[in-house]
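Me: I would like to learn how to read a sheet and its aromatic pairs. Can we go through one model step by step?

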Amino acid sequence: MTASSSVDPVTPVKPPAILSLIGDTPLVEITRMDTGLCQLFIKLENQNPTGSIKDRIALSMIEAAEEEGRLEPGGTIIEATAGNTGLGLALIAAAKGYRLILIIPDKMSQEKIAHVRALGAEVRMARSDVTRGHPEYYQDVAAKLATEIPGAFYVNQFGNPANPLAHERTTGPEIWEQMRHDVDAVVVGVGSGGTLTGLSRFFSRVKPRRGIEMILADPTGSILYEWVKTGKLHKAGSWAVEGIGEDFVPDIADMSFVTDAFEIDDAESFAVARELLRKEGILGGSSTGTLLAGALRYCRQQTAKKRVVTLVCDTGNKYLSKMYNDFWMAEQGFVSRQPHGDLSDLISHRQEFGEVISVGPEDTLLTAFTRMRSADVSQVPVVDQTGQVIGILDESDVLVKVHRDSSQFNSLAKMAMTDRLETLSPKANISDLLEVFERGRVAIVREGNKFFGLITRTDLLSYLRLKMPKATAPVEREYS
């Protein structure tokens, strides 16, 4: 027997069982929100392994490429994404042993970047301030890279027929069975267009005579609402909802199936998503708020009972620092506080609401540093037992104390704080505030013994940005 013949054949690597959990997601009825005369059901796509509906298309597109011979064992997958499609592809690529390169616009959240990297994906950043046709546009970068790497497979979710096929073969039939073959309308959004097209194709086959209405919920600023209503392409605006809305009509999006459309602004989307969590206990992402808001509007307009379905497209865990964060919502102008007409309106963390991150004079520098890191601030006021601010402690104060001896983290805050305070009355003006900043300080807003909070450069910039005329706001869009 030769040496080569004694070698055992290689046993194929079995994919992890987690892939079997893609799809077959539960569907529940909305019972505590006002749905008018209708019954409204919501399909929990946040229950997929990476927390979104995009796991379905990631599996479908990779398996189609394998079957067609476009993706060989150990090959390279390339995609342009800044959202959940990248996460789904990272899961599938890791499970099947492929190299994955994701071209990501530089506005993608750090949480999502960390997630795809943890799954083994390679991340290359692209500009988010350019549009189709620019050489640094994320989709153009991905397409070019795919031509430079031998045997690479460019997924191209916006033009890949396996994208809508995933919903035609899985999501649609699941809804049909879960609704016991009784569906009147489905409310969807469009990112790549796969969900709309796939569901429409399925439902047009199973209920061809009376049909099932396909309702589009689209963020204000996207071009798709106007396209449905007028057949004309308008200039895109900006929106903060992630994953849906477009500045072009995707190749795979068959908009002819849409029977009606609702335009939902960011504030309504976020408010409805938060209401869904508060009333129904369902933690959905920002696009869920858009879809649900559109579904609720549709339901409340009906004069006869209908059975309506929409989707929880992804989990809200990815948005805890954004739409579920009261400070972020206020900073972005999506919730408003009672204005006072003075400098106190610029304070993001207000003492009166218990929002100020502070330390006591007897707290250690380690405690102060830990609070700064967890709250993502660079300084904290030092507040005594009477509630008076007696000092400011910032990162540089801590660094001066500990850089030669790390045991000094055990020193007390009062030993490192700055007690030369820059105090302003709420009645002061912005020019007074700028003078404080020019001295390299933050402003303590106080009237007599009443402490209101701090104002930093970031607070002032956020305030001024909210005052910027809408017409001059930069165009921003989110990606799938």
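Reply: Start with a definition. Two strands pair if DSSP finds at least two bridges between them. One caution: this is a predicted model.

Me: What holds paired strands together, and in which sense do strand 14 and strand 15 pair?

Reply: In general, strands of a sheet pair through backbone hydrogen bonds, either parallel or antiparallel. Here, strand 14 (residues 443-447) and strand 15 pair in the antiparallel sense, over five bridges. Take two examples. Ala 443 stands opposite Ile 455 in strand 15. Arg 446 has Phe 451 of strand 15 as its bridge partner.

Me: Is strand 15 mostly covered or uncovered?

Reply: Mostly covered: five of its six residues are buried. As a general point, side chains in a regular strand alternate between the two faces of the sheet.

Me: Now the rings. How is a pair of aromatic rings described?

Reply: By the distance of the centres and the angle of the planes. Searching the whole structure gives eight aromatic pairs. In one of them, Phe 202 and Phe 203, the ring centres are 5.3 Å apart and the planes stand at 70 degrees, so the pair is edge-to-face. The cut-off for that label is over 60 degrees.

Me: Are Phe 202 and Phe 203 buried or exposed?

Reply: Buried means under 20% relative accessible area. Phe 202, at 8%, is therefore buried. Phe 203 has 2%, so Phe 203 is buried as well. With Trp 176, they form one aromatic cluster.

Me: Which geometry does the pair of Phe 270 and Trp 328 have?

Reply: Their ring centres lie 5.8 Å apart with planes at 70 degrees, so this pair is edge-to-face. The pair links distant parts of the chain, 58 residues apart. Phe 270 sits in helix 8 (residues 266-280), and Trp 328 in helix 10 (residues 326-331). Both Phe 270 and Trp 328 are buried.

Notes. Residues are numbered from 1 along each chain as its sequence is written. This is a predicted model: local features need pLDDT of at least 70, side-chain atom pairs count only at pLDDT 80 or more; totals for chains, interfaces and linings use all residues. Side-chain values use heavy atoms; hydrogens and water are left out. Helices (H or I, at least four residues) and strands (E, at least two) are DSSP runs, numbered from the N terminus. Buried means under 20% relative accessible area, exposed over 50%, partly exposed in between (1.4 Å probe, protein chains only). Rings of Phe, Tyr and Trp (its six-membered ring) pair if their centres lie within 6.5 Å; planes under 30 degrees apart count as stacked, over 60 as edge-to-face and the rest as tilted.
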